Structure formats: C-alpha cells, structure tokens
Amino acid sequence: MPTSSMLLLLADGRFPAGAHAHSGGLEAAVAAGRVTDLGTLGEFLRGRLATAGLVGAAFAAAAHRAVPTADRAAELGRLDAELDARTAAPALRTVSRRQGRALLRAGRAIWPYAPFGDLPGGAAGPHQPLVFGLLAAAAGLSRTETALAAAHGTVTGAASAGVRLLGLDPYHVQALLIALAGACDTTAADAARAADGPPEELPAAAAPLADIHAEAHVTWEVRLFAS
Amino acid sequence: MRAAARLVARTDGRGRTVLAELRGEPPLLLRQVPGRDGGVTVYVVGGAAGPLAGDDLRLDVEVGRGAVVRVHTVAASVALPGRPGAVSRMRVRASVAEGASLHWLPEQLVAATGCAHLADSRVMVADGGTLLWRDELICGRYGEQPGDVVVRTTVDHAGRPLLRQSLAVGPDVPGWSGPAVLGGAPATGSLLLLDPARPAAPPEVDLGGPVAGTASRERPGAVARLPLAGDAATLWTATAPDADTLRQHLTPRLPGPVPAPT
C-alpha cells in the first residue's frame with residue numbers, strides 16, 4: 001500500500017495532537033541562556049535528535065512492531081516500563097504521558113478499530129511514542145517510516161518554537177532543518193533497526209541538561225510552552 | 001589486555017560481611033581495606049595505565065543476602081587511545097540480594113583525546129536491596145577535547161527496569177557538548193540512591209548561574225534531583241566545570257541518616 005501521503009499527514013505539525021504547545025525543552029534552554037541564536041539552536045536540535053529523538057523514534061518503532069504480536073498488551077507494558085527507566089526526570093515522564101493522551105484522542109477518533117485499548121499507563125496516560133507507534137501502524141506506515149515521523153517531530157517542534165522564542169528568521173531556521181534532514185534519516189534507520197532487539201536493549205541516550213532544564217521549566221508560573 | 005576480577009560477599013551468620021571470593025588480575029586488582037559497621041570496603045587498584053583502546057576488562061560483584069559492600073578506586077581512570085580502530089571496554093556486572101547493600105563510588109573516568117571507550121554497568125537489585133551508584137565522566141584532561149566515550153548504566157530493581165541511561169561524548173557524537181546535552185560542561189555524572197528505608201526524594205533543581213546579590217560570583221554547573229518512576233529511587237544528575245564541583249553536586253544531601261558518600 002502506498003503510504004507517502006499518510007507519512008506526510010502523520011509528520012505534519014498540524015496533526016491535531018497539540019504538538020505546537022511544546023518546545024521540546026527549548027524554552028528552558030533559552031531561559032538558561034544556553035540557546036541564544038541560530039548557531040546554538042542548530043546545536044540544540046542536533047543534540048536533541050541524537051538523544052530524545054533517537055529514543056522516541058526507537059520506542060515508536062518498537063510499539064509498531066508489537067502491534068501484530070499475540071501478546072501485544074504485555075509487550076507494550078514492557079516498553080512502557082523500559083521508557084520510564086529512560087526518562088529520569090518526572091517532568092518529562094508527565095509531558096510524554098500528557099502528549100500521549102492528546103495523541104490518543106486523535107487516534108481513537110480517526111482509527112476507532114486500532115488496538116489502543118492495549119496501551120498501558122492508566123489514568124496518567126500512555127507514553128507518546130507508544131501511542132505514535134500504534135497510530136502509525138493503523139495508518140499503514142512501515143516501521144522505518146514510523147521512526148522517521150517520530151524523529152522528525154522531535155526536531156521540527158523545537159525548531160518552530162525557536163522562531164517564536166528567539167525571534168529568528170524562519171527561512172534560516174528552516175535551513176537548519178534542511179541541513180539536519182540527513183541526520184534525521186540516519187537516526188530513524190538506527191531506531192527502526194534497534195526495534196528488532198529486545199526492549200531492554202533499545203537506545204537509552206541520555207541528555208543531562210534535558211532533565212535539568214525540564215525540572216526547572218515545570219516550576220515556572222508563566223511560560224509560553226507546556227514543555 | 002584482557003582482565004577479569006570477581007568479588008563475592010556473604011554474611012558470616014553474626015551479621016558481619018565476609019568475602020567468599022576476591023580475585024583479580026592486572027590491571028584489575030582488588031584490595032580489601034578495614035571496613036566499618038560490619039561491612040567490607042574494597043578498592044580497585046589499577047595495575048597499569050589506561051584503560052587503553054583494545055583493553056577488555058570485566059568486574060563481577062555479587063553481594064549476598066544481608067552483606068554490605070563498598071567499592072572505591074584508588075585513582076581516576078584515564079581512557080587512552082591504543083591500536084587504531086580499537087575500543088577499550090570496562091564491564092561491571094553486579095547483583096545485590098535482599099537486605100544487602102552495595103555502594104559503588106569509584107573515582108572519575110577521564111576521556112583523553114583519541115580514546116574510544118565503553119563503560120558498561122549492569123546491576124540487578126533484589127526487592128529489599130540497597131544501591132548507591134555513582135558515575136562521573138570528565139571530558140578530556142586539562143584543556144583537552146575528549147575522545148569517544150559511552151557510559152552506559154542499566155539497573156533493574158525487583159526484576160523491573162529502574163534506570164537505563166547511556167551518555168555518549170566525543171567527536172563522533174552529534175551535539176554532545178551543545179545546549180541540549182552538556183552545554184559545554186567538561187564534567188558530568190549521576191548518583192543513584194535506591195534504599196528500601198527511604199522513599200524517593202521530591203524533584204529539586206539548581207540551574208547554576210549568578211548568585212543572588214553578587215555581581216561576579218557564579219554557582220558553577222547545574223544539578224537536578226529526580227525521583228525515578230515508581231518512587232523507589234532518586235537520581236541526581238549534574239553538569240559541572242570541573243571534577244571537584246561535580247563531586248559536590250553528586251554527594252547526597254537528604255534529611256535523616258545519609259549513606260556516607262566517600
């Protein structure tokens with residue numbers, strides 16, 4: 001089944017899952033004075049892609065892989081616990097589950113027969129990459145396409161937040177994303193390959209400042225972005 | 001160089017920890033020093049420089065029911081380049097039984113220019129076990145850029161995943177020193193505390209930066225205290241301008257009795 005249009009729809013920032021409300025940690029990095037211009041934004045995006053981008057894409061791909069398995073709910077439960085163990089900052093666990101809930105609302109409305117009922121997470125909500133994996137499988141995307149859309153989303157959201165937070169020229173920010181396209185493809189391929197292995201061997205790329213910034217950001221009374 | 005070392009601790013039935021096995025080979029030698037509180041303290045004594053790329057080192061630690069073990073190293077280990085294309089490995093495999101306690105508090109790992117090193121630790125802690133585990137990485141000797149290093153820490157608690165983190169630095173790692181990962185800090189690390197007598201501490205963060213009321217002083221580095229999922233354990237994660245500041249950030253400060261960090 002040709003999936004090109006599906007891939008574009010799922011990778012589109014206008015997909016109604018509230019992604020525009022999140023800066024992917026950029027707002028806190030800007031406030032800490034660590035991202036100030038186009039150059040530091042580019043470095044931020046590169047580091048985010050290699051850490052949160054890789055992990056999120058690998059878990060989306062692993063959830064996609066779990067869909068046709070007989071013990072799908074148990075497999076998704078293992079992925080949920082493994083992703084928790086890779087998300088040391090409670091603020092980031094909360095954000096992932098909140099974004100998962102938002103994506104789940106869209107998924108249930110669009111693909112009512114997809115097996116979203118097997119997702120773990122209870123009232124807190126399922127982790128966003130797991131929902132994304134199920135949703136991409138329902139849309140008929142391949143595992144690599146699933147990882148690609150997930151990795152893409154981790155950098156495009158932060159990049160457009162950069163335009164708003166720093167008043168950067170949107171043409172120049174788009175040029176940053178174009179320059180990152182190759183790295184995004186490679187990250188997605190690595191993530192899809194990793195999903196062949198057992199859940200405990202999935203990537204666990206850590207970013208100390210992402211954890212530290214997230215915990216600082218969640219204490220602010222006024223902020224432009226939810227994360 | 002290939003080397004393996006092994007440490008097995010048990011209790012003697014009167015509440016004292018004894019070493020049922022303690023063996024190593026250069027450059028991975030183990031030395032017991034007088035302990036306190038009935039526990040044992042063991043130092044890893046580097047019998048050679050390095051690790052050098054190509055070295056393959058493995059340390060197994062087994063802490064049996066009720067035993068108390070503290071492991072230190074006598075000096076920082078400096079990962080150095082070796083044969084072109086070769087990687088050095090230091091693998092630690094540890095298990096901590098119910099009622100047992102392991103403090104793993106080595107000196108820092110320093111990533112020298114041109115090194116290629118993997119520090120891979122896997123720890124299984126049974127329900128009712130205690131673990132204090134510190135990883136510290138210095139990116140390059142003074143004024144030097146680091147080679148490629150991965151510090152991977154995998155901890156299971158009561159058969160479930162507790163912590164999985166893999167920090168990568170070096171010229172082959174995109175964005176590692178940038179504002180999403182280390183923000184230019186040359187020192188980074190984490191301290192994990194899992195103690196059945198102590199629930200996870202609530203989150204707390206210190207971003208560093210200017211000290212209120214002073215024009216010139218800066219609190220260096222940044223640190224966050226993070227309760228892990230399940231609220232059984234706490235992780236401190238930090239970045240710092242130097243090894244001393246990092247050590248200060250990764251020394252536990254909690255109300256009540258605190259495990260001695262050093």
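**Entry 1. Glu21(B) and its partner**

I looked up Glu21(B) in this predicted model and found a residue that is partly exposed, its relative accessible area being 25%. I then asked which side chain Glu21(B) meets in a salt bridge. The partner is Arg23(B), with N and O 2.7 Å apart. Arg23(B) also counts as partly exposed, at 46% relative accessibility.

**Entry 2. Arg225(B) and Glu204(B)**

Next I examined Arg225(B), which forms a salt bridge with Glu204(B); the closest N and O atoms are 3.9 Å apart. I noted that this pair links distant parts of the chain, since Arg225(B) belongs to strand 19 of chain B and Glu204(B) to strand 16 (residues 204-206), 21 residues apart. Is Arg225(B) buried or exposed? I recorded Arg225(B) as buried, because its relative accessibility is 12% and the cut-off for buried is under 20%.

**Entry 3. Salt bridges overall, and one in chain A**

I searched the whole structure and recorded 30 salt bridges over all chains. One that I followed up joins Asp196(A) to Arg143(A), with 2.7 Å between the closest N and O atoms. Asp196(A) sits in the loop between helix 8 (170-194) and helix 9 (208-217) of chain A, whereas Arg143(A) sits in helix 7 (residues 143-166), so the pair ties together parts that are 53 residues apart in sequence. I checked the accessibility of both partners. Asp196(A) is partly exposed at 45%, and Arg143(A) is partly exposed with a relative accessible area of 24%.

**Entry 4. The contact between the chains**

I turned to the contact of chain B with chain A, to which chain B gives 32 residues and chain A gives 33 residues. Between them the two chains bury about 2,600 Å², and carbon and sulfur atoms account for 68% of that area. I asked which three residues supply more than any other three of the area that chain B buries against chain A. They are Arg164(B), Pro179(B) and Ala180(B), which supply 26% of that area.

I counted 7 residue pairs in polar contact between chain B and chain A, both residues being at pLDDT 80 or more. The elements giving two or more residues to the side of chain B that touches chain A are strand 14 (160-169), strand 19 (222-227) and strand 20 (233-240) of chain B. Strand 14 gives the most to that side, with 8 residues. By type, the residues of the side of chain B that touches chain A divide into 21 nonpolar, 8 polar and 3 charged.

**Entry 5. Salt bridges across the contact**

How many salt bridges are there between chain B and chain A? I found 2 salt bridges. A salt bridge joins the side chains of Glu201(A) and Arg122(B), at 3.3 Å from N to O.

**Entry 6. Helix 4 of chain A**

Last, I inspected helix 4 (residues 72-85) of chain A, which has 14 residues. From its first C-alpha to its last, helix 4 reaches 20 Å, close to the 20 Å expected at 1.5 Å a residue. I listed its buried residues as Glu75(A), Leu76(A), Leu79(A), Asp80(A), Ala81(A), Glu82(A), Leu83(A), Asp84(A) and Ala85(A). I then asked what covers the buried residues of helix 4 of chain A. The cover includes helix 3 (38-66), helix 5 (90-110) and helix 6 (128-138) of chain A, together with strand 14 of chain B.

Conventions. Residues numbered from 1 in each chain as written. Chains lettered and ligands numbered in written order. Predicted model: local features only at pLDDT ≥ 70, side-chain atom pairs only at ≥ 80, totals over all residues. Heavy atoms only, no water. Contact = heavy atoms within 4.5 Å. Buried area = accessible area lost by both parts, 1.4 Å probe. Salt bridge = Lys/Arg side-chain N within 4 Å of Asp/Glu carboxyl O. Polar contact = N/O pair within 3.5 Å; in protein donor to acceptor, adjacent residues only side chain to side chain. Helix = DSSP H or I, 4+ residues; strand = E, 2+ residues; numbered from the N terminus. Nonpolar A, V, L, I, M, F, W, Y, C, P; charged D, E, K, R; others polar. Expected span 1.5 Å × (residues − 1). Buried < 20%, exposed > 50% of the residue type's maximum accessible area, 1.4 Å probe, protein only.
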